[in-house]
Amino acid sequence: MTCAASAAVATVGLAVSPAAAAPATTTTTTQAEPGGACTAADLGTRHPFIKTSEVTPTITHFKGWYVTAGSTGTQSVNTSVQTTISVSVGLTGNVEGSFTVETLGKVGASLGLNVQVNYTSTSSTSTSVTWNFRNPGYYGLYKGTKKVTGTYGSLNCNRVQQNDGSWALKWIEGADAGSYTTYTTLEEGAVRCEDKVPANSIMHKAQDLLDCGSATATAKHPAGPVPSAKAAKARHEAEKAAKAEKSVKATRSPAPATRAALNCQSAVYKIDVPGKPLNWSAPLLANDGIRLRESTIFSAHLDNWRLCNVTERNGVIEASLWNWGNGGCATIPANIANREQAYLTTATCGEDDLQRFYIYRDVPGSSKIGVQNKYTGSMMGHDRYADGELIRQYSSGRQDGTGTYTLTRV
């Protein structure tokens, strides 16, 4: 592994004249708002904000049913699956950790709807609807919900230069963004073609599947099920869309391509716990993780890091973290990347977003930082301050400030 200093990226290093520095406190803010003030303790945290939302009445189960004069009264009708809605947030589709729950909570609050905030899905098997049929006619029995989809962004704390040239810590729109899907409480019922129902309602959606203007809807039938061509077409389209989405997710995390060399800055850093002796130390064994250790004469450069392939966008550094001691790059293991509190380790450097990190910085003069994984969007932190404690990912970061580190030049 060769690491060469790069003049092109040297301008995004952390060395800035202390004369420009402003004091930074370590008390966390209570509410994250775009452009609002944050503190150094917030560098290792993030919060979601909702960019877009769309609410669509969706039928999950349906059955066309004909009731004759002799078959009125209460009946239980087995409905067929039209579509399955699964709650998901982000690339992995998982709803795990505080960030995803906070995201869905903000969706519900912004729309005034009671939405699902934990992983769940509507039934993927046929279920029955019990209904008291008072009049003969052609009915659509249904179960349905309001499907809520949209996009979110994340707010991260970072230094911002103000109009007078001074610096301040503010909540900015971070690089991480994604989409979400959730749904409201399920409802069930029965509807006929002649019923007057509210537009854009779940019941209206079910009535549409009756295909009321068709010959099937207007013909007389024996009591029992009536096939709906419109419902069958909608079910087929939903199945195709679900398969396409599954295929896209399956190809989003290919095996990383290795690279012969990195374009690294010449500076070497320790990633410290502010004001304390423990810092990030890379593992000697492949199946171990990056842990908090105290630097000694036996550290063998496992506590030394370089920023490589560095870019900067809107004041936020993106870099690979190359370890001098074992020659690997910091990464979240791919097989556990979707888990809250997955540990950080090192691996052969490759073209892989799991090995890329955003670095959020304190005001000039301070070397405090927050570290975010590009692929998972999670912030790096530790559960407790102790020798040997693993560095892990936390979807919203560590709200007690233990996700704020110091990038100390060696």
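The chat below goes through the folding elements, cores, disulfides and salt bridges of a predicted model.

Student: What should I know about the model before reading numbers off it?
Tutor: It is predicted, so local features need pLDDT of at least 70 and side-chain atom pairs count only at pLDDT 80 or more, while totals for chains, interfaces and linings use all residues. Residues are numbered from 1 along each chain as its sequence is written, and side-chain values use heavy atoms, with hydrogens and water left out.

Student: How many helices and strands in the protein chain?
Tutor: Four helices and 22 strands. These are DSSP runs numbered from the N terminus, helices being H or I with at least four residues and strands E with at least two.

Student: And how much of the chain is buried?
Tutor: Of the 410 residues, 47% count as buried. Buried means under 20% relative accessible area, exposed over 50%, and partly exposed in between, with a 1.4 Å probe and protein chains only.

Student: Which residues have the most contacts inside the largest nonpolar core?
Tutor: W280, W305, L307, L321, L344, M380 and I391, in a core of 32 residues. The elements giving two or more residues to this core include β10 (269-272), β11 (278-281) and β13 (305-313). A nonpolar core is a set of buried Ala, Val, Leu, Ile, Met, Phe, Trp, Tyr and Cys residues joined through side-chain atoms within 4.5 Å.

Student: What is L344 in contact with?
Tutor: Leaving aside neighbours within four places in sequence, the contacts of L344 include W280, I290, F357, M380 and I391. Contact here means heavy atoms within 4.5 Å.

Student: What lies apart from that core?
Tutor: Another core, of 16 residues, with A32, C38, L43 and F49 among them.

Student: C38 is a cysteine. What does C38 form a disulfide with?
Tutor: With C157, the sulfur atoms being 2.1 Å apart. C38 is in the segment before β1 (46-67) and C157 in strand β5 (residues 137-161), 119 residues apart. Both C38 and C157 are buried. The link is right-handed, with 85° about the S-S bond.

Student: How many disulfides by the rule?
Tutor: Four, where a disulfide is a pair of cysteine sulfur atoms within 2.5 Å. With the bonded cysteines numbered in sequence order, the pairing is 1-2, 3-4, 5-6, 7-8.

Student: Is C193 to C212 left-handed or right-handed?
Tutor: Left-handed, because the torsion about the S-S bond is about -95°. C193 is partly exposed at 25% relative accessible area, and C212 is partly exposed at 28%.

Student: Where do C264 and C308 sit, buried or exposed?
Tutor: C264 is buried at 0% relative accessible area, and C308 is buried at 0% too. Their sulfur atoms are 1.9 Å apart.

Student: Switching to charges: how many salt bridges?
Tutor: The count comes to 16. The rule is a side-chain nitrogen of Lys or Arg within 4 Å of a carboxyl oxygen of Asp or Glu.

Student: What does the R356 and E318 pair tie together?
Tutor: The side chains of R356 and E318 meet in a salt bridge at 3.0 Å, N to O. R356 lies in the loop between β17 (350-351) and β18 (357-361) and E318 in strand β14 (residues 316-323), so the pair ties together parts that are 38 residues apart in sequence. Both R356 and E318 are buried.

Student: And D383 with R398, how far apart are the closest N and O atoms?
Tutor: 3.8 Å. D383 is partly exposed at 41% relative accessibility, whereas R398 is buried at 16%.
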